[in-house]
Amino acid sequence: MAEDGRKMSKSLGNQVFPQDVIKQSGADILRLWVATTDYWEDQRLGKSVIQTNVDAYRKLRNTIRWMLGTLAHDEGENVPLAEMPELERLMLHRLSELDEIVRGGYDAFDFKRVAKSLLDFMVVDLSAFYFDIRKDALYCDGPSSVKRKAALQVVRHLFDCLAKWLAPILPFTTEEAWLDRHPGAQSLHLDQMPDVPVSWRADMLAEKWRKVRQMRRVVTGALEIARAEKRIGSSLEAVPTIYLDDAGLEAEIGGVDMAEIAITSGIVFAHRAAPPDAFRLDDVKGVAVVVEKAEDKGLRKCARSWRYTADIGTDPAFPDVSARDAAVLRELKALGRL
């Protein structure tokens with residue numbers, strides 16, 4: 001039926017022909033619409049419905065394209081699971097959760113659940129969270145960095161799993177991406193679903209990071225307000241103070257660099273009453289945030305990573321960058337890459 005709920009008919013001029021959708025937007029757009037519909041009900045189709053699927057497809061394609069660009073720097077090195085940073089282990093855990101959902105969804109012909117789960121994961125967990133955080137390590141850490149190697153390894157796993165899981169829904173897009181990643185390989189559609197190791201499952205770690213992400217939401221909410229008020233531009237210009245009602249909460253997220261996770265140049269924890277104007281979220285109890293500028297704390301901007309630190313110029317050979325970035329530049333120079 002048409003998107004307004006009326007039956008499609010020639011007299012009303014509200015017909016949508018599959019060949020027209022394919023000609024204008026591509027066959028994978030039509031397939032995505034089919035996969036995201038509930039076939040137990042009458043289906044509606046029209047310009048706005050198609051545009052919704054075009055927007056969703058663009059997000060999926062952009063995520064895949066970012067992974068391909070990142071993997072162009074992948075040298076195939078592997079970091080043992082036990083030596084990976086927690087954030088990488090969290091992403092592998094999420095893949096183990098999705099593996100159950102995807103296999104169960106396809107077995108039950110519940111394509112809507114598969115498509116929605118993968119779309120949510122790629123947009124919320126990857127683009128807006130994991131990739132956003134790890135850009136610094138991927139772009140600025142040196143070739144010897146364990147964090148960078150682990151991130152590349154995880155992106156490799158993410159790409160392989162997502163390409164195979166999406167293949168029945170987006171056959172043309174995934175085939176194009178697969179052959180770009182693996183030139184000369186056989187068709188993706190001749191392969192099997194990925195084998196996800198049981199060792200990737202980490203429920204306790206996931207619970208810890210659920211709390212980390214809740215805290216991150218409060219920080220990013222405060223940063224958005226500071227940005228809207230023109231007090232800061234980039235989040236790296238800020239050093240937020242997190243006020244905690246429960247001192248145990250900081251211990252529960254022990255070992256997590258909240259400045260890295262929130263993409264700021266620092267984080268200060270305060271265990272006292274927050275100012276009345278501190279930013280809060282109703283669904284995250286006991287956490288409040290006040291944003292301060294990094295410059296007001298005497299920090300200077302690194303010309304390479306754009307982070308504000310107190311160690312700019314400590315290496316006289318590289319006076320405009322932080323100590324971390326100066327060490328990376330020395331490593332790249334020694335390898336002949338600079």
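**Exercise 1. State which residues line the largest cavity.**

Solution. The lining consists of Leu32, Thr36, Leu60, Ala115, Leu119 and Leu166; a cavity is a set of points on a 1 Å grid over the protein atoms alone where a 1.4 Å probe fits but cannot get out, and lining residues have an atom within 4 Å of a point. The model is predicted, with local features needing pLDDT of at least 70 and side-chain atom pairs pLDDT 80 or more, while totals for chains, interfaces and linings use all residues. Residues are numbered from 1 along each chain as its sequence is written, and side-chain values use heavy atoms, without hydrogens and water.

Next, sort the lining of the largest cavity: five residues are nonpolar, one is polar and none is charged (Ala, Val, Leu, Ile, Met, Phe, Trp, Tyr, Cys and Pro are nonpolar; Asp, Glu, Lys and Arg charged; the others, including Gly, polar). Finally, the volume of the largest cavity is about 40 Å³ (the space filled by probe spheres set on the points).

**Exercise 2. Describe the second largest cavity and its lining.**

Solution. In the whole structure, two cavities of 30 Å³ or more are found. Around the second largest cavity stand Ile64, Met67, Phe159, Leu162, Ala163, Leu166 and Ala177. Helix 3 (47-71) and helix 6 are the elements that each give two or more residues to this lining (helices are DSSP runs of H or I, at least four residues, numbered from the N terminus). Helix 6 contributes the most, with four residues. By class, the lining has seven nonpolar, no polar and no charged residues.

**Exercise 3. Determine how helix 3 is placed against helix 6.**

Solution. The packing angle is about 140°, and the axes lie 10 Å apart (axes are fitted to C-alpha atoms over the stretch in contact; angles run from 0 to 180 degrees between N-to-C directions). Ile64, Trp66, Met67, Leu68, Thr70 and Leu71 of helix 3 meet Leu152, Val155, Arg156, Leu158, Phe159, Leu162 and Leu166 of helix 6 (contact means heavy atoms within 4.5 Å). The contact comprises eleven nonpolar residues, one polar and one charged.

**Exercise 4. Determine how helix 5 packs against helix 6.**

Solution. Helix 5 (residues 111-140) and helix 6 (residues 146-166) meet at about 160°, with axes 11 Å apart. The two are therefore roughly antiparallel. Among the contact residues are Phe121 and Tyr130 of helix 5 and Val154 and Trp165 of helix 6. Sixteen of the contact residues are nonpolar, none is polar and three are charged.

Terms used:
Angles under 35 degrees count as roughly parallel, over 145 as roughly antiparallel, 65 to 115 as roughly perpendicular and the rest as oblique. On a 1 Å grid over the protein atoms alone, a cavity is a set of points where a 1.4 Å probe fits but cannot get out, and a pocket is an open set with protein on both sides within 12 Å along at least five of seven lines; lining residues have an atom within 4 Å of a point.
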